[in-house]
Amino acid sequence: MVAAPGENLRVNGDRLWDMLMEMAKIGPGIAGGNNRQTLTDADGEGRHLFKTWCDEAGLTMGVDQMGTMFMTRPGTDPDALPVYVGSHLDTQPTGGKYDGVLGVLAALEAVRSMNDLGIKTKHPIVVTNWANEEGARFAPAMLASGVFAGVHSLDYAYNRKDPEGKTYGDELKRIGWRGEEAVGERKMHAYFEYHIEQGPILEAEDKQIGVVTHCQGLWWLEFTLTGKEAHTGSTPMAMRVNAGLAMSRILEMVQDVAMSEQPGAVGGVGQMFFSPNSRNVLPGKVTFTVDIRTPSQDKLDRMRAKIEAEAAKICEALGVGCSVEAVGHFDPVTFDETLVTRVREAAERLGYSHMNLISGAGHDACWAAKVAPSTMVMCPCVGGLSHNEAEDISKEWATAGADVLFHAVLETAEIVG
């Protein structure tokens with residue numbers, strides 16, 4: 001039986017908050033948030049600041065060929081597998097200050113608090129910054145952890161292109177963060193990830209801690225519709241091959257499919273590109289990505305099949321060409337029962353209100369769960385708002401979740417002495 005930490009053990013919430021605010025100065029957005037997209041110069045600068053803090057905490061750095069940073073605090077048993085704790089430092093183009101970053105810096109704060117308190121653990125602890133979690137610049141999301149888990153090949157990842165045609169491999173080399181370590185060769189005893197909820201449930205229920213039991217499955221389906229460029233004023237309605245009209249009907253259909261699978265299913269479109277994107281030219285090409293999610297494997301399979309079949313009918317009726325590519329996917333995830341219980345008991349031991357939660361967003365923990373026992377801790381965010389520069393949390397929320405993370409990690413890494 002592994003001993004639980006005493007309830008008096010807490011992290012330094014002020015120090016955690018100071019780190020969050022300092023990191024937020026790198027890659028500032030235009031409206032109070034951050035634009036620190038993966039493999040940009042800002043990402044490189046954020047990595048260097050994180051490394052500086054880790055060096056000060058006595059951690060040893062490893063970097064793999066995908067650019068993921070592994071910062072290790074040794075354990076007392078050289079043969080014990082490490083406990084990994086982390087998230088990501090990259091952001092959306094108009095991202096907030098906490099999405100991902102909170103999990104990385106709370107993991108570092110846990111280690112700093114262990115140092116302050118003179119705590120030793122049997123298992124090493126590895127603070128982790130996964131590369132390209134967001135997928136905003138290089139799709140799909142969770143790319144580096146996906147390669148780590150064997151879901152994607154390294155060649156596939158290196159050949160992902162951003163909207164300007166730059167490849168992941170070239171940009172990783174350009175910013176100087178391509179490591180030599182083979183991706184996925186590390187073995188994990190367990191993996192923990194702390195994150196803001198990115199939804200409204202915890203705040204609405206007035207709970208401080210989300211005990212994450214599952215993560216929704218996801219498909220990103222990239223549609224390319226091919227019509228005929230033509231003048232919007234002089235082309236008769238009956239003679240148009242309108243890719244834009246086909247897109248609008250597909251969007252409405254995606255809404256109907258998601259609503260037909262309620263409760264517990266979502267679907268929508270957040271990105272689209274028209275070509276030539278001129279006011280008075282019907283688009284010859286429209287590209288957009290349908291995002292569908294649900295914790296039910298049956299629903300996920302059914303939604304994808306129906307959307308693809310109905311889209312083909314819509315396009316055929318309008319004479320529009322239609323192709324579909326799956327550019328992101330993971331099946332629903334059930335997190336490790338033992339680790340979930342440790343998170344729940346830590347919240348109870350520390351006196352924090354809590355509830356079970358299914359994550360609506362994808363996280364690196366979804367791929368880590370394929371190779372090791374994994375789970376997540378969540379804290380509320382104001383209004384459930386995320387992937388938005390107005391994303392906000394309180395210092396108290398941040399600290400409560402970090403305390404729970406601290407306890408669950410210590411119990412799993414096994415305090416010595």
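Helices and strands are DSSP runs, numbered from the N terminus. The model is predicted. An unreviewed UniProt entry annotates residues 216-315 as "domain: Peptidase M20 dimerisation". Over this stretch the chain is 37% helix and 34% strand.

The crossing of H1 and H12 is right-handed. On the H1 side, the contact involves Gly13, Asp14, Leu16 and Trp17. These meet Lys395, Ala398, Thr399 and Ala402 in H12. The residues of the H1 contact with H12 comprise four nonpolar, two polar and two charged.

The second pair consists of helix H2 (residues 41-56) and helix H3 (residues 101-117). Here the axes come within 10 Å and cross at roughly 15°. Angles under 35 degrees count as roughly parallel, so H2 runs roughly parallel to H3. The crossing of H2 and H3 is left-handed. H2 contributes Phe50, Trp53, Cys54 and Glu56 to the contact. Their partners in H3 are Val104, Leu105, Leu108 and Arg112. By class, the residues of the H2 contact with H3 divide into six nonpolar and two charged, with no polar residue.

Conventions. Residues are numbered from 1 along each chain as its sequence is written. This is a predicted model: local features need pLDDT of at least 70, side-chain atom pairs count only at pLDDT 80 or more; totals for chains, interfaces and linings use all residues. Side-chain values use heavy atoms; hydrogens and water are left out. UniProt positions are given in the numbering used here, feature names are shortened, and annotations may be inferred rather than shown by experiment. Helices (H or I, at least four residues) and strands (E, at least two) are DSSP runs, numbered from the N terminus. A crossing is left-handed if the near helix is turned anticlockwise from the far one by less than a right angle, and right-handed if clockwise. Contact means heavy atoms within 4.5 Å. Ala, Val, Leu, Ile, Met, Phe, Trp, Tyr, Cys and Pro count as nonpolar, Asp, Glu, Lys and Arg as charged, and the others, Gly among them, as polar. Axes are lines fitted to C-alpha atoms, for helices over the stretch in contact, and angles run from 0 to 180 degrees between N-to-C directions. Angles under 35 degrees count as roughly parallel, over 145 as roughly antiparallel, 65 to 115 as roughly perpendicular and the rest as oblique.
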